[in-house]
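Grab a pencil and work through these exercises with the model open beside you. Each one sets a task and then walks through the solution.

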Amino acid sequence: MNKEEVDSKIQKVKDKISSSQQKKQADFILRNAKVADVFNLVWRKADIVVKNEMIVAIDEEGEFEALEEEDAKGQHVIPGLIDTHIHIESTLLPPSEFSRVILPFGVTTAITDPHEIANVAGTLGVQYMLLSARQAEMDIYTMVPSSVPATSFEHAGAKLDAEAVGLFMNEYDVLGLAEVMDYEAFFKMEDDILKKIVETKNLGKLVDGHAAELTKTQIRGYRAAGIHTDHESISAKEASIRVQQGMYVLMREGSAAKNVLAILPAVTATNARRFCFCTDDKHVDELMKEGSINHAVSIAIEAGMEPLLAIQIATLNAAECYKLHKKGALAEGYLADFVLLKDLKKCESQAVWKNGKKVAENGKMLTERKKRIPVPHSILHSVKLPLVKKEDLAIPLNPNEQVHIIEIIPNELETKLKVENVPVKNNEFNPSPKDDLLKLAVIERHHNLNCIGKGIVMGMGIKRGAIATTFAHDSHNLIVCGTNDEDMLLAIDEINKIQGGYAITADGEVLSSIPLPIGGLMSDLDAKAVVEQMRELHKALGKIDTNLSFHLFITLSFLALPAIPALRLTDQGLFNTKEFKFIPLNHK
């Protein structure tokens, strides 16, 4: 900093000290609040006094004065909520637009891992997300993707080696290394992944984990390397093992994975400080309806957790986990991020302040939308599909031949490996909607390699037609599922035309599609327009399936991820994640 910048900062500190001592008028006071003390888990009747974006007093005597003030009328006020792990691309919005959706729910800070777009566009994609995040009206911090591609068993659009990761580590809004999900490389102790971890730790930054179904012994290996968190627990038992070994457990409540209720029994009065809430992946339509971390807090309260404890988990715990020492509490010296609640049990926001300025009220943003940063041309034209023909989708089989089947688990990311006979016609697999046995294909779309993986999936519930998307974790090749080849081919063609997104087809007709031109992952429209497109998409889903109890497209998108048990499909074939190897479709 130059002398002028130093002098300006010194003056701001002087102003805050003077305001705290009532020698100088404050900027803003929220009076008559029931303030959440997340250190002592009590409510305090007080005024919140703000100067230069910071809280300078929690005034129980009503003695301070300010340029502006507002009356909370005895309602509950809590610190701004913090999402400890989210892939913003999964909302289908760039960070600046995502911010405007989630701030009105009281979520003032998010920690994101942009590995979705990194798998498509590499360092250029990460840089775009950082720049867009800096436009946001909330605070968005980044964990640099550690595993691009997620494993060596799929073709991604890019690769981030240790040198590429290091390019971002000194950015002021980068907190560390994102989820280490290539556990095969980790346990083989390959130099590249270990170099990423070591260099991150040397900078005093954090490393996130991804410990889906890892054993206690394997988690010990993660901890030995200094891996700090995990968001893949799906049971209280798994969560307890991680806490016992010194990890923070990020309790996930997203669109596909809803784990908070299952984990809550692990949270006790003595270990609660090792838990946080996160979203991981959640679509914009669900965000606009129920929010994110506020929703997780309300689930915990409804399940019987004391409200202040749930709020502490969503604020102070999260801030301390990620070393955000000026966040997570309503106390002197903390940033003036706070939420006036309309309903405590539902964690329903009435108004939201960010850095001492009211930015949202009654579910709506009060600020004008900023002009978005331009998207690089290559990111907008990232879908390079081969010409796929009917014979490319054929799955040759003999009658009465047993095969490996991917069986989905509704509202979970994990799948089951099932072995049974399937319908065969003309020595090919014949999809059977009646038996819920459908054809699945993953098509490489980054380098025109003409790689197509084919498999059979059970549990999708589609009765006719096909669905396809380029949002297919983590390499984001095209994934298509259908009841017949013709509709699958039509869905593939539609995705190519719109340069990435979602498509639903049936009886030779495109029923609905959503263009996601930013890397085949995000829309260039505002959130309301995207939600309207999602409504039309869901209407079209109603024409091809019945009574689904889970998010079909998000479930589809995870079927290509070879880092979560048990059976997945990549562009190179069926992959058994427990044995960490490709397996044939035929069971022998």
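**Exercise 1. Sort the lining of the largest pocket by residue class, then find where the lining comes from.**

Step 1: by class, the lining of the largest pocket holds five nonpolar, three polar and nine charged residues. Here Ala, Val, Leu, Ile, Met, Phe, Trp, Tyr, Cys and Pro count as nonpolar, Asp, Glu, Lys and Arg as charged, and the others, Gly among them, as polar.

Step 2: there are 17 lining residues, and Lys-9, Glu-53, Met-54, Lys-326 and Leu-335 lie nearest the centre of the pocket. A pocket is an open set of points on a 1 Å grid over the protein atoms alone, where a 1.4 Å probe fits and protein lies on both sides within 12 Å along at least five of seven lines; lining residues have an atom within 4 Å of a point.

Step 3: α1 (3-20) and β8 (139-144) each give at least two residues to this lining, and α1 has the largest share, with four. Helices (H or I, at least four residues) and strands (E, at least two) are DSSP runs, numbered from the N terminus.

Step 4: the space in this pocket comes to about 500 Å³. That volume is the space filled by probe spheres set on the grid points, which are joined across faces, edges and corners.

A word on the model: it is predicted, so local features need pLDDT of at least 70 and side-chain atom pairs count only at pLDDT 80 or more, while totals for chains, interfaces and linings use all residues. Residues are numbered from 1 along each chain as its sequence is written, and side-chain values use heavy atoms, with hydrogens and water left out.

**Exercise 2. Describe the second largest pocket and the helix that gives most to its lining.**

Step 1: the volume of the second largest pocket is about 380 Å³. Its lining has 13 residues, and Arg-100, Met-288, Gly-363, Met-365 and Lys-528 are the closest to its centre.

Step 2: α2, β17 (364-365) and α15 (527-544) supply at least two lining residues each. The largest share, three residues, is from α2.

Step 3: sorted by class, you get six nonpolar, one polar and six charged residues.

Step 4: now look at α2 itself (residues 95-102). Eight of its eight residues are buried, so the helix is largely enclosed by the rest of the structure. Buried means under 20% relative accessible area (1.4 Å probe, protein chains only). Arg-100 is one of these buried residues, along with Glu-97 and Phe-98 among others.

**Exercise 3. Is His-115 buried or exposed, and what is it in contact with?**

Step 1: His-115 sits in helix α3 (residues 115-134).

Step 2: the relative accessible area of His-115 is 3%, so this residue is buried.

Step 3: skip the neighbours within four places in sequence, and the contacts (heavy atoms within 4.5 Å) of His-115 are His-87, Glu-89, Pro-145, Val-148, Glu-179, Met-181 and Asp-474.

Definitions and conventions. Buried < 20%, exposed > 50% of the residue type's maximum accessible area, 1.4 Å probe, protein only.
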